[in-house]
Amino acid sequence: MLPSSQIEIRCQDGFLLRGQCWQPDVPPKGIVLLHPATGVPQGLYAGFAAYLQSRGFAAISYDYRGIGLSRPASLRGFQCQMLDWALLDVEAVMA
């Protein structure tokens, strides 16, 4: 199993999401985007992403804004709605 690589994904509003790319050592059969459950950090999906990688798929996991690695240093004054996750974060990852 190869290690994952850290990635950054810029959203349309400029917010920077952080995630992981699990790339196999052969040309991938496909790419699997692991969109997290509400408020769940991407680390929970590492085992599944590694499994996909071992089966020849590339996998991308990420944290929504305000969660895990995509959390700002302080949440004081941080403005975010669940709709932002759907309209901005998911859209950026899909792109």
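A salt bridge here is a side-chain nitrogen of Lys or Arg within 4 Å of a carboxyl oxygen of Asp or Glu. The structure is a predicted model. By this rule the count comes to 3 salt bridges.

| Pair | Closest N and O atoms |
|---|---|
| Arginine 18 and glutamate 8 | 3.6 Å |
| Aspartate 13 and arginine 65 | 2.8 Å |
| Arginine 65 and aspartate 89 | 2.7 Å |

**The strand pair**

Start with arginine 18 and glutamate 8. Their closest N and O atoms are 3.6 Å apart, and they form a salt bridge because the cut-off is 4 Å. Arginine 18 sits in strand β2 (residues 16–22), and glutamate 8 sits in strand β1 (residues 5–10). The two residues are 10 residues apart, and the pair links distant parts of the chain. Arginine 18 counts as partly exposed, with 33% relative accessibility. Glutamate 8 is exposed, at a relative accessible area of 53%.

Next comes aspartate 13, which forms a salt bridge with arginine 65. Aspartate 13 lies in the loop between β1 and β2. Arginine 65 lies in the loop between β4 (58–62) and α2 (82–94). The pair therefore ties together parts that are 52 residues apart in sequence.

Is each of these two partners buried or partly exposed? Aspartate 13 is partly exposed, with a relative accessible area of 46%. Arginine 65 has a relative accessible area of 4%, so it is buried.

Arginine 65 also forms a salt bridge with aspartate 89, with the closest N and O atoms 2.7 Å apart. Aspartate 89 belongs to helix α2, and the partners are 24 residues apart. Both arginine 65 and aspartate 89 are buried. Which residues do the shared partners join into one network? They are Asp13, Arg65 and Asp89.

**Helix α2**

Now follow Asp89 into its helix. The 13 residues of α2 should span 18 Å, at 1.5 Å a residue. The end C-alpha atoms of α2 are 17 Å apart, which agrees.

Which residues of α2 are buried? They are Trp85, Leu88, Asp89, Ala92 and Val93. An α-helix has 3.6 residues a turn, so residues three or four places apart point the same way. What covers the buried residues of α2 includes the strands β1, β2, β3 (31–34) and β4.

Note on methods:
Residues are numbered from 1 along each chain as its sequence is written. This is a predicted model: local features need pLDDT of at least 70, side-chain atom pairs count only at pLDDT 80 or more; totals for chains, interfaces and linings use all residues. Side-chain values use heavy atoms; hydrogens and water are left out. Helices (H or I, at least four residues) and strands (E, at least two) are DSSP runs, numbered from the N terminus. Buried means under 20% relative accessible area, exposed over 50%, partly exposed in between (1.4 Å probe, protein chains only). The expected span of a helix is 1.5 Å times one less than its number of residues. Contact means heavy atoms within 4.5 Å.
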